[in-house]
Amino acid sequence: MTARYDNLLANVPTDLWIGGKWRKSSDGGRFDVIDPATENKVASVAGATVEDAKAALDAASAAFPGWAARKPRERGEILRKAFELIMRDAERLAKLITIENGKALSDSRGEVAYAAEFFRWYAEEAVRNLGEFGRAPASGARILVHRKPAGIAVLVTPWNFPAAMATRKIGPALAAGCTVVLKPASDTPLTMLALMPILEEAGVPAGAVNVIPSRSSGKVVSAMLHDPRVRVVSFTGSTEVGRKLLHEAADSIVKPAMELGGNAPFIVFDDADIDAAIEGAMVAKMRNMGEACTAANRFYVHEKVHDAFAKKLTAKMAGLKMGNGLDDGVALGPLVNKDGLDKVMELVDDAVKKGAKVLTGGKAPGGPGYFYPATVLANVSDDAKMLNDEIFGPVASIQSFKSEDEVVTRANDTEYGLVAYLYTRDLSRGLRVSEKLDFGMIGLNRGLVSDPAAPFGGMKQSGIGREGAHEGLMEFLETQYVSVNW
Ligand code: NAP
């Protein structure tokens, strides 16, 4: 541990949080957390075993009846308090995110605010679990519909937003009356461990939220999905792992919510406000250094404005300061780990071999740290791997197009369907094209779609279900209908 981090890490818990207590893992195992900017070890965290996962389910089961029976207003007020306490501790949490994930502090601050908002939003939704009432057309019986908490939920989250991807699940689960066991990503377990004392202070009872970091993700999650007490699995991560978990969930018919990979097109029409499009492009591409499922992965720019757009984007990207995310003025931290860096290098090399022109960046500076510069590639050929694979790094690939129909076909030509962006001054074109795009979310003249009040999620192989908004609450509720005579 380096002196620079001592103060920040001094009080960060590193054990398993089960039943409102810190515990070592049953086999005493631990694993290291690495700062991607320095490659230094910053902490050693207890690694949960299958036995620990069972203990966490025991705790969630014990807490479930009490939590489910609490009045919705009480649950809402605890969530509201959690929002306030996260904002009180925002700077400490943001620095922790930067230390374990690498992202620039400005990105981490944005993430903490976004993460906290899920508790504020679901504090308000907790009291809006409304039912329905009707009369059966033929029998005349009364149809009474209400929604019960679904039960115990297993939550599995990725490293790219260590706080927000988890609060986007914990918030609605708690609002609905569910209790949860969370397995955070192994690269970034500290943020969620640090959140637990905050939730305890807010009044979340022991056992309602349990956190079990583990390097044995497959075994631990599989054991939980085969435990009959588990009723929901909410996963955010790659399509590859999501597919595995859907298979596992099928064995016990566990209700799945899947937020998976993306391959977002970013379309700029010739009538677009180019400066606004550049501003949107910088957010859509560079928020989180491109390590976002929502990151613009393919820029399609109308041939009439292609050169102007490419020139301006290159100037902006080249102006970003790269360095340790904790340092002032840094906009671009390191990628999360060596695999992430290797993948970006491989995708850029492949595109360049196939004829892409490097307008800026394109070469990793070398260690220590998993740094890759902001990069713009033009003339990317249709067979470049990066057009089908998530780049997950600070690389913008630009291609030109001629007509609306052509760009819609090319944008939809992917197995993913999470988010698409388009820029045009013609609103009727914007809405017409939006309807034709097979994506769960559209940024129309906006480079950012994430909002706790909006239904976040994808079509096709980008997922099943939605997070945020009222729909996010529904993922943790079961509908019960009572047929009544009176
Ligand atoms: P990942 O490899 O799929 O891992 C996600 C989580 O699943 C981690 O906690 C991981 O644990 C765990 N995991 C890995 N293998 C598992 C298995 N066999 N069984 C059970 N759990 C397993 O994804 P990632 O690399 O962390 O995150 C990047 C991906 O997430 C990208 O594809 C991105 O698009 C997607 N993402 C989607 C959204 C969305 O809302 N649609 C949001 C953010 C990210 P370990 O860390 O221990 O491996």
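A polar contact is a pair of N or O atoms within 3.5 Å; within protein, one must be able to donate a hydrogen and the other to accept it, and residues adjacent in sequence count only if both atoms are side-chain atoms.

**Basis of the model**

The model is predicted: local features need pLDDT of at least 70, side-chain atom pairs count only at pLDDT 80 or more, and totals for chains, interfaces and linings use all residues. Residues are numbered from 1 along each chain as its sequence is written, and side-chain values use heavy atoms, with hydrogens and water left out.

A backbone N or O atom of Gly-237 is 3.3 Å from an oxygen atom of the ligand. Side chains contribute as well: an N or O atom of Ser-186 lies 2.4 Å from a ligand oxygen atom, and a polar side-chain atom of Ser-238 lies 2.6 Å from one. Of the 900 Å² of accessible area (Shrake-Rupley method, 1.4 Å probe) that the ligand has on its own, the protein covers 86%.

**The surrounding shell**

The ligand is surrounded by 30 residues (a heavy atom within 4 Å). Ser-186, Ser-217, Ser-238, Leu-260 and Glu-390 are the closest. The shell comprises 15 nonpolar, 11 polar and 4 charged residues, where Ala, Val, Leu, Ile, Met, Phe, Trp, Tyr, Cys and Pro count as nonpolar, Asp, Glu, Lys and Arg as charged, and the others, Gly among them, as polar.

Domain 1 (3–260 + 462–483) and domain 2 (264–451), with bounds from an automatic or database domain assignment, both give residues to this shell, so the ligand lies between them. Helix H8 (217–225) is one of the elements that supply at least two shell residues each; the largest share, 3 residues, comes from H8. Helices (H or I, at least four residues) and strands (E, at least two) are DSSP runs, numbered from the N terminus.

**Backbone features in two loops**

Most residues other than glycine have a negative phi, and most peptide bonds are trans. Met-289, however, has a positive phi, near 60°, and is found in the loop between helix H10 (274–286) and strand E13 (296–302). The peptide bond from Gly-367 to Pro-368 is cis, with omega near -5°; Pro-368 lies in the loop between strands E14 (357–360) and E15 (375–378).
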